[in-house]
Amino acid sequence: MGKTGRIHAWEPWFFLFFGVFHLHRIWGLVDRQSYASFWLGIMENKGWPYFVIMGVLAALCVLGIVTFIRELGHNFWWRWVYIGGGAYLLFDLFAIATGMRFWNELIMKMFDTTLPYWNVIWSAFILLGGAVFVLGIILLRKRVKT
């Protein structure tokens, strides 16, 4: 696994994008109220920003999953992120879009700025974002070398 495959031109940018997307949550540690208000407003209003953000995220996940399937037999270890992360994110987007009750309740708890675990939740996303961003840099460097 991994030695016969190639890194597609878009793959480092996939990880860089998702890294930045998760790293923006630093805003939530700096200003809980405005961060929560912004994202809850996006999800509740479902205007054009909602559809642009959700569309880009969904398209990237589908692209990753399709790549994983097309590269069966010579996937790199990090392409499993497309399956695990992509499936999770597509479910998340579906649950938000359809208003699944239990998912909505979970999101409301995540964005409750008074709860003591706020920093733990958003710090975990930030750490994930940092790791994904670094992976994007590593893949970009490997791609440039080949």
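Modeller: With the largest pocket, which holds about 590 Å³ of space. Its lining has 32 residues, and those closest to the centre are His 22, Arg 25, Tyr 88, Leu 89 and Asp 92. Bear in mind that this is a predicted model.

Colleague: Which helix gives the most to the lining of the largest pocket?

Modeller: Helix H5 does, with 9 residues. At least two lining residues come from each of H1 (11-23), H3 (32-45), H4 (48-70), H5 (80-98), H6 (101-110) and H7 (118-145).

Colleague: How do the residues of that lining divide into nonpolar, polar and charged?

Modeller: The lining of the largest pocket has 26 nonpolar, 4 polar and 2 charged residues.

Colleague: Are H5 and H6 roughly parallel or roughly perpendicular to each other?

Modeller: An angle of 65 to 115 degrees counts as roughly perpendicular. The axes of H5 and H6 cross at roughly 100° and come within 9 Å, so the two helices are roughly perpendicular.

Colleague: Which residues meet there, in H5 and in H6?

Modeller: From H5, Tyr 88, Phe 91, Asp 92, Ala 95 and Ile 96; from H6, Phe 102, Trp 103 and Ile 107. By class, this contact has 7 nonpolar residues, 1 charged and no polar.

Colleague: Now a single residue. Is Val 132 buried or exposed?

Modeller: Buried means under 20% relative accessible area. Val 132 has 13%, so Val 132 is buried. Val 132 sits in helix H7. Beyond its neighbours within four places in sequence, Val 132 is in contact with Phe 15, Phe 18 and Gly 19.

Colleague: How far apart are Val 132 and Asn 119 in space?

Modeller: They are 20 Å apart, C-alpha to C-alpha, with a separation of 13 residues in sequence.

How values were computed:
Residues are numbered from 1 along each chain as its sequence is written. This is a predicted model: local features need pLDDT of at least 70, side-chain atom pairs count only at pLDDT 80 or more; totals for chains, interfaces and linings use all residues. Side-chain values use heavy atoms; hydrogens and water are left out. On a 1 Å grid over the protein atoms alone, a cavity is a set of points where a 1.4 Å probe fits but cannot get out, and a pocket is an open set with protein on both sides within 12 Å along at least five of seven lines; lining residues have an atom within 4 Å of a point. Grid points are joined across faces, edges and corners, and a volume is the space filled by probe spheres set on the points. Helices (H or I, at least four residues) and strands (E, at least two) are DSSP runs, numbered from the N terminus. Ala, Val, Leu, Ile, Met, Phe, Trp, Tyr, Cys and Pro count as nonpolar, Asp, Glu, Lys and Arg as charged, and the others, Gly among them, as polar. Buried means under 20% relative accessible area, exposed over 50%, partly exposed in between (1.4 Å probe, protein chains only). Contact means heavy atoms within 4.5 Å. Axes are lines fitted to C-alpha atoms, for helices over the stretch in contact, and angles run from 0 to 180 degrees between N-to-C directions. Angles under 35 degrees count as roughly parallel, over 145 as roughly antiparallel, 65 to 115 as roughly perpendicular and the rest as oblique.
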